[in-house]
Amino acid sequence: MTSTPGWQRWIGGAFAALVLMGLEGIGLVKQLEQLAYRGLFQLRGEESWHSQVVIVGIDETTLKNRQNSDSPRQIYTTLLERLAPSQPRMVVLDILMHDRSPDDLQLAQAMRQVPVALPVSWDKQGNQKDPIPELAAEAVVMGHVVSRQDSDGLTRIVVPQLGQIPALGVAVANEVMDRPLELDRQGSEPLWINWPGSVNHLPQYELFEAIEGRVPIKEFRNKIVIVGANVTGFNPVLTPFDINPPASGIYVHAAVVSNALSNNGLQQVGTFLHPVWINLLYFAGAISLSATLVFWSFRNQIIVVLGLGGVWLSICYSAFHFYYLLPVVSPLVLLGLTLLLVTLQDRLKMKAMLVEQEKQLFESAFYDLATGLPNYALFMDRLEGVLSRTREQSQPPLFAVFFIYIDRSKVVNPDSGHRLSNELQVAISSRIEEALKRSMAHSPHPLLSPHSAHFSPRSEISSVPTQFTIARLDTDTFAVLVHALSYSSQAIDVAQTIYQTLSHTSVSEGLFTNPIEPDEAIGLLEENLSAMTAFIGVALSAVHSDFEQVSVNIYSQAESMLRDAEIAMYQAKVKEGNHYAIFDQNLHHAEIQRLELELDLRRAINRARRQQENWSGSINNSNCSPAHFSYASEQWGSELEAQSDFRLYYQPIVCFSTGRISGFEALVRWYHPTRGMVSPVDFIPLAEETGLIMALGDWILKTACYQLREWQNKFPHGLEVTMVVNLSSLQLHNPQLVSQIQTLLDEMDLDHRYLKLEITESGLMENEDIALDLLKTLREAGIQLSIDDFGTGYSSLARLHNLPVNTLKIDKSFLERTALDHESWEIIETIIILAHKLGLTVVAEGIETGDQFELLQRLSCDYGQGYWLSRPIDASGATALLAKNPQW
């Protein structure tokens, strides 16, 4: 997790508590609590009703019989007379008797034989309706029959007392019990009903069964007999066990009396606390939780919250078994909201961090750290933007590229070090800018619009200057793109102005970004500026006539234009006197040499492929037994050394945790019959430009797999070595690539996980749509994938998690810069941390010193390679190294 300032750790919890209060305010939490109440009863199951509670119901049959019999008061009088011999503890007549009847005196006389409880009600106008005085005088207790149903229809509570009148069930319970129920002084706190089970499990008899003597007297002895309507649909009451059909109102009194006699009424925990204190408890709990969660990973956060939720549910369920009712939903909602908001807070922080780190990577990828100028990548992008704009114009404007080489720019006082060297580069760039501003001040041509849709092929690159772009390509080389020239001769004026300005030795104090001592620094810079010499090459965008003002574009690629400017610079170096030169088309003899090199490369690839196919055929015919394979592989390796122009060299990749070799990267070398060894820098771009990289890449892949198979046969026990093969971006366009690789691995009987394919970051971004599907297919086949040269292209850290790769290889340029600044180490550390969070392993290439190795090890980098560990070695040398099994 990302580090969070102290005051921010509790924000998620505080906001979660506020959201919970809002949900409670709109009633959403209450609805969920109602479901939890019903769920607790369903989980607990049914319990027994108290044995002293009996129901005498007025059902539909009773109502029909009553129409053909005496008046209702006579019926109740007869019932009391029948019940008197059984000596019930109490008869509860849940029947309103506020209207007079001729039979009231007889009923009052019968009430003297048994204790009777009568109900009190209110009419629609709120007027209290008591039983008539004659009956009220004979009643032992009276109580109200008001019950409250929640929004879901369930009756969960009764109001113990309305004014001075208790609830009917409470009044009966207080009368028959030795100890009355404990209520608050006002009796306003609700009394929660603990429904024992379905009302169908209560002893119940019909009214006329009891009157006619069909019920044994013993069934009512010492019982509390509740008499009332139990007709379905009359005063319906929903209970957790009686939904369809519902119960009736008399069962509410029965439940209250049963709870009192059994001493198992529900007690809601926390009713003694004011709502403000409850909210404060929620705030404190949520804040404490959020302050703790921010230190853990998302997985651990989920585990903790689920664990706390489970514990709380267990506590609620256990408490319910002991007749305590705890709020179930509110704490759970608070836990979930706290997790959600803490996670959201962390994700927003991570996103901000990714944006910031991406910005730093962008600047390191497209800007020179010492001078702040655009680097090669950004310069080429802007040049390509200008070319794409002018291609669409019938008479495009004239523009030019200037390639500037500073000779002896590194000759500085050794006591001043890199710091003054950087200041020297800043001084040079400032002078180039000064010269360009003077030259462009009187340019009559309208300039290209930087906001054209065709100007920059990548929208994320910063806005383009309207007149010129200065870039630092290397320590002593600069490039300038002048966007519009009036005439071709103006390019000479610009070159002269740049040369003269660079030759000026005076330095202003305002030039320095971090001066050591102004006087000393100025003297050192003036000394070095006077010692340096500038050579400038110019490439014009078109064949242009100063007289007819007609131009025709001669460039279609930015690389070609910059290359010609560099060729012109070399021409200026060999000429006597002049320090600048404009590219001459006669210099295209270099292109002829390139064509010859292409032809030689094509022949070499064809020879290598034919030899490989012949050898592969012999292996397949022999069914590739391990012994024969090892012998054939060695024999083929000898023939390759003697006949093929190509060699594969293998550079070890070392695991930082073990110090042992974990794999090799296969690197191709070309030994030309007459030119000698041709650098990959020269022939790999040529192979990609001509499409020959498809055949060459296929040869490299097969040769590397053959070599891996030979090593596995030679070291059959415990060899866990991965072969890393570079994949060209052009190979991503081959629809048969996946099937070809799978067929090759199956033929060689190689486990797919021992092959890792590398594609450069720039190659991946240029073919992202095509590459993504192909890489997913390769990953599904069990083949490992790696992004090479990470940090040099346009890829986004925020979308790395969408790429199906296993490994990130940090470009060696970051390690090269670590000797000059600490910012590169911080960038490397950031890449390692973020890669590990995305589940990727990290390889650092270009390790040149032991200090770099130790620092990378401390930064928890996974693997490394470089000359300090081992230079690329041939197959025999790699085999010997595996046999030796060194440890770094």
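Here is a quick briefing on the predicted model shown above. Since this is a predicted model, local features need pLDDT of at least 70 and side-chain atom pairs count only at pLDDT 80 or more, while totals for chains, interfaces and linings use all residues. Residues are numbered from 1 along each chain as its sequence is written, and side-chain values use heavy atoms, with hydrogens and water left out.

**Overall picture**

- The protein has 29 helices and 32 strands; these are DSSP runs numbered from the N terminus, with helices being H or I of at least four residues and strands E of at least two.
- Of its 888 residues, 51% count as buried (buried is under 20% relative accessible area, exposed over 50%, partly exposed in between, using a 1.4 Å probe and protein chains only).
- Take the contacts (heavy atoms within 4.5 Å) with a separation of 6 or more: residues 24 or more positions apart account for 75% of them.

**Confidence**

- Mean pLDDT (the predictor's confidence in each residue, from 0 to 100) is 80 for the protein, with 81% of residues reaching 70 or more.
- Helix α20 (residues 626-643) has the lowest confidence, with a mean of 48, and strand β32 (residues 863-865) the highest, at 95.
- Residues 444-464 stay under 50 in pLDDT, and the model gives them 50 contacts beyond four places in sequence.
- Residues 505-523 are also below 50, with 31 contacts in the model beyond near neighbours in sequence.

**Aromatic pairs**

- There are 13 aromatic pairs in the structure; rings of Phe, Tyr and Trp (its six-membered ring) pair if their centres lie within 6.5 Å, and planes under 30 degrees apart count as stacked, over 60 as edge-to-face and the rest as tilted.
- Phe41 and Phe241 have ring centres 6.0 Å apart and planes at 85°, so this pair is edge-to-face.
- Phe41 sits in helix α3 (residues 28-44) and Phe241 in the loop between β13 (236-239) and β14 (242-248), so the pair ties together parts 200 residues apart in sequence.
- Both Phe41 and Phe241 are buried.
- Another edge-to-face pair is Trp670 with Phe683, at 5.6 Å centre to centre and 85° between the planes.
- Trp670 belongs to strand β25 (residues 661-672) and Phe683 to helix α21 (residues 680-690), so that pair links parts 13 residues apart in sequence.
- Trp670 is buried at 0% relative accessible area, and Phe683 is buried at 0% too.
- Tyr37, Phe41, Trp192, Phe241 and Phe320 make up one aromatic cluster.

**Nonpolar cores**

- The largest nonpolar core has 85 residues, and Phe646, Trp711 and Leu757 have the most contacts inside it; such a core is a set of buried Ala, Val, Leu, Ile, Met, Phe, Trp, Tyr and Cys residues joined through side-chain atoms within 4.5 Å.
- Helix α22 (residues 693-714) gives this core its largest share, eleven residues.
- Another core lies apart from it, with 57 residues, including Trp49, Leu238, Ile250 and Val328.

**Two local spots**

- In helix α2 (residues 11-25), the buried residues include Gly12, Gly13 and Leu20.
- Leu107 is found in helix α6 (residues 104-111) and is buried, with a relative accessible area of 0%.
- Beyond its neighbours within four places in sequence, Leu107 contacts Arg73, Tyr76, Thr77, Leu80, Met97 and Leu135.
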